[in-house]
Amino acid sequence: MKVWQEVYIGLGSNLSDPKMQVLKALDSLKDLPNTQWVSHSSLYSSRPQGPQDQPDFVNAVALLKTQLSPIELLDRLQAFETSQGKVKKRHWGERLIDLDILLYGHETLHTERLIIPHPFMIERDFVLLPMAEISPDLILPNHSRIKDLISELPEGFIMTDRKVEKS
Ligand code: ROI
């Protein structure tokens with residue numbers, strides 16, 4: 001019997017109607033095999049981390065329970081990105097849709113294709129705040145509390161005056 005792991009997925013888009021792209025990607029996550037949908041955060045508007053000559057982002061985080069392995073999950077997410085039309089333009093540049101595995105249970109993984117926890121999540125309010133919205137008492141594999149990480153963020157990208165409406 002395979003165990004069920006709680007997995008957090010970060011979603012981001014800043015091209016071709018970003019809100020629609022994020023909602024579409026959230027919907028495709030519901031089609032993952034051997035996976036149960038748990039919840040997702042609100043959608044957040046954020047200014048770009050990285051080059052500033054690109055549009056603002058819409059970000060969200062989803063929580064699932066899955067029996068897929070990390071690499072099986074990564075393959076599925078990359079297939080969703082490709083079928084939704086993702087083309088890589090430049091490093092830390094604009095993107096139609098990004099689906100990142102943030103946490104996979106309490107596991108840590110360091111391979112060429114995949115690093116878990118996501119190496120940049122602790123510096124990104126557009127990841128930590130949506131995660132805390134769905135799991136306010138979350139503790140990371142290195143024992144950090146999500147609330148402590150949020151209070152230690154050096155920089156904010158989320159535009160609090162521009163929370164995205166649901167539909
Ligand atoms: N910036 C924001 N605000 N949101 C993202 O999802 C995002 N994703 C990225 C880079 C380009 C680093 N910047 C981002 O990949």
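Read from the N terminus, the elements of the chain follow the order β-α-β-β-β-α-β-β-β-α-α. In total there are 4 helices and 7 strands, where helices (H or I, at least four residues) and strands (E, at least two) are DSSP runs numbered from the N terminus. The radius of gyration, taken over C-alpha atoms, is 15 Å, close to the 15 Å that the globule rule gives for 167 residues, so the chain is as compact as a globular protein of that length; the rule is 2.2 Å times the number of residues to the power 0.38.

This is a predicted model, in which local features need pLDDT of at least 70 and side-chain atom pairs count only at pLDDT 80 or more, while totals for chains, interfaces and linings use all residues. Residues are numbered from 1 along each chain as its sequence is written, and side-chain values use heavy atoms, with hydrogens and water left out.

Along the principal axes, the C-alpha atoms fill a box of roughly 50 × 35 × 35 Å. Of the 167 residues, 49% are buried, that is, under 20% relative accessible area with a 1.4 Å probe, protein chains only. Among contacts (heavy atoms within 4.5 Å) between residues at least 6 apart in sequence, 72% join residues at least 24 apart.

One helix pair may now be examined. The axes of α1 (residues 18-29) and α2 (residues 70-84), lines fitted to C-alpha atoms over the stretch in contact, come within 11 Å and cross at roughly 140°. Q21, K24, A25, S28 and L29 of α1 meet L77, F80 and Q84 of α2 in this contact.

Terms used
Axes fitted to C-alpha atoms, helices over the stretch in contact; angles between N-to-C directions. Buried < 20%, exposed > 50% of the residue type's maximum accessible area, 1.4 Å probe, protein only.
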